[in-house]
Amino acid sequence: MATPPKHREALVRAAADLFRRQGYAATGLNEILKSSGAPKGSLYHYFPGGKEQIGEEVVRVGGQLVTDTLTELADNHPDAGALLREYARLLAGWVSDSDFHEGSPITTVLLELAPDSESVTAAGQAVYRQWTSLLRDSLIESGVARTRAERLAVLAVSALEGSLVRARVERSGQPILDSLGEVADVYAGAIAAAAVH
């Protein structure tokens with residue numbers, strides 16, 4: 001009898017939580033199983049590639065959660081700078097609510113496995129492309145030239161990921177608010193400059 005699909009989701013959720021809190025290398029498969037409540041056989045049923053395959057899926061799923069949030073914010077905040085400021089506010093709140101134990105759903109896995117794991121690296125590249133494209137398109141809609149919009153989107157994603165690490169170290173959401181707020185100001189300048197030309 002096949003393992004119910006709910007075990008796959010439980011395994012990914014448990015792994016994501018553990019990876020965020022203590023890192024990929026420090027997390028064992030038995031710990032993931034125990035935290036998920038899934039039966040032992042389900043792990044290799046869904047993830048025959050073992051822990052690395054789970055890491056890849058954590059990057060995909062975690063990245064999609066961020067993409068979904070950014071997409072929703074873009075629908076409600078057509079201005080790219082306002083979108084960033086609102087995301088910064090949400091992110092600072094989430095990190096603070098976890099008492100600064102949780103950060104990006106993908107950073108720890110990527111830091112520990114990329115570029116050595118091709119599959120995890122490819123998953124990370126795909127996620128970063130999604131985030132970058134979303135921010136780039138928002139800037140283009142505001143009149144910013146494509147090449148400049150692409151660079152500004154990369155800047156925002158880099159600031160986002162870096163500020164999460166700093167927030168945990170400083171035990172404060174302020175680095176997130178400051179970093180993305182500054183990028184939002186740069187976005188406003190780029191949009192204003194585009195309107196003049």
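This report describes helix contacts and salt bridges in a predicted model.

**Helix packing**

| Helix pair | Axes come within | Crossing angle |
|---|---|---|
| H4 (residues 51-76) and H5 | 9 Å | roughly 135° |
| H5 and H9 (residues 174-196) | 8 Å | roughly 175° |
| H8 (residues 146-170) and H9 | 7 Å | roughly 165° |

H4 and H5 cross at roughly 135°, and the two helices are therefore oblique to each other. An angle counts as roughly antiparallel over 145 degrees. H4 passes H5 in a right-handed crossing. Sorted by class, the contact of H4 with H5 holds eight nonpolar residues, one polar and one charged.

H5 also meets H9. Their axes cross at roughly 175°, so H5 and H9 are roughly antiparallel to each other. H5 contributes Ala80, Gly81, Leu84, Arg85, Ala88, Arg89, Leu91, Ala92 and Val95 to this contact, while H9 contributes Ile176, Leu177, Leu180, Gly181, Val183, Ala184, Asp185 and Tyr187. Twelve of the residues in the contact of H5 with H9 are nonpolar, two are polar and three are charged.

H9 has a further contact, with H8. The axes of H8 and H9 cross at roughly 165°, which makes H8 roughly antiparallel to H9. The crossing of H8 and H9 is right-handed. Among the H8 residues in the contact are Arg148, Leu152, Ala156, Leu160 and Glu170, and the H9 residues include Pro175, Ile176, Leu180, Val183 and Ala190. The contact of H8 with H9 divides into 15 nonpolar, two polar and three charged residues.

**Salt bridges**

The model has twelve salt bridges. One of them joins the side chains of Glu102 and Arg21, with N and O 3.0 Å apart. This pair links distant parts of the chain: Arg21 is in helix H1 (residues 6-22), Glu102 is in the loop between helix H5 (80-97) and helix H6 (107-113), and 81 residues separate them. Arg21 has a relative accessible area of 40% and is partly exposed.

A second salt bridge pairs Arg89 with Glu86, and the closest N and O atoms are 2.5 Å apart. Arg89 and Glu86 are three residues apart in helix H5, so about one helical turn separates them. Arg89 counts as partly exposed because its relative accessibility is 47%.

Arg136 and Asp137 form another salt bridge, the closest N and O atoms being 3.1 Å apart.

Elsewhere, salt bridges that share partners join Asp17, Arg20, Arg21 and Glu102 into one network.

**Arg20**

Arg20, a member of that network, lies in helix H1. Its relative accessibility is 17%, so Arg20 counts as buried. Leaving aside residues up to four places away in sequence, Arg20 touches His101, Glu102, Gly103, Ser104, Pro105, Thr108 and Arg168.

Terms used
Residues are numbered from 1 along each chain as its sequence is written. This is a predicted model: local features need pLDDT of at least 70, side-chain atom pairs count only at pLDDT 80 or more; totals for chains, interfaces and linings use all residues. Side-chain values use heavy atoms; hydrogens and water are left out. A salt bridge is a side-chain nitrogen of Lys or Arg within 4 Å of a carboxyl oxygen of Asp or Glu. Helices (H or I, at least four residues) and strands (E, at least two) are DSSP runs, numbered from the N terminus. Buried means under 20% relative accessible area, exposed over 50%, partly exposed in between (1.4 Å probe, protein chains only). Axes are lines fitted to C-alpha atoms, for helices over the stretch in contact, and angles run from 0 to 180 degrees between N-to-C directions. Angles under 35 degrees count as roughly parallel, over 145 as roughly antiparallel, 65 to 115 as roughly perpendicular and the rest as oblique. A crossing is left-handed if the near helix is turned anticlockwise from the far one by less than a right angle, and right-handed if clockwise. Ala, Val, Leu, Ile, Met, Phe, Trp, Tyr, Cys and Pro count as nonpolar, Asp, Glu, Lys and Arg as charged, and the others, Gly among them, as polar. Contact means heavy atoms within 4.5 Å.
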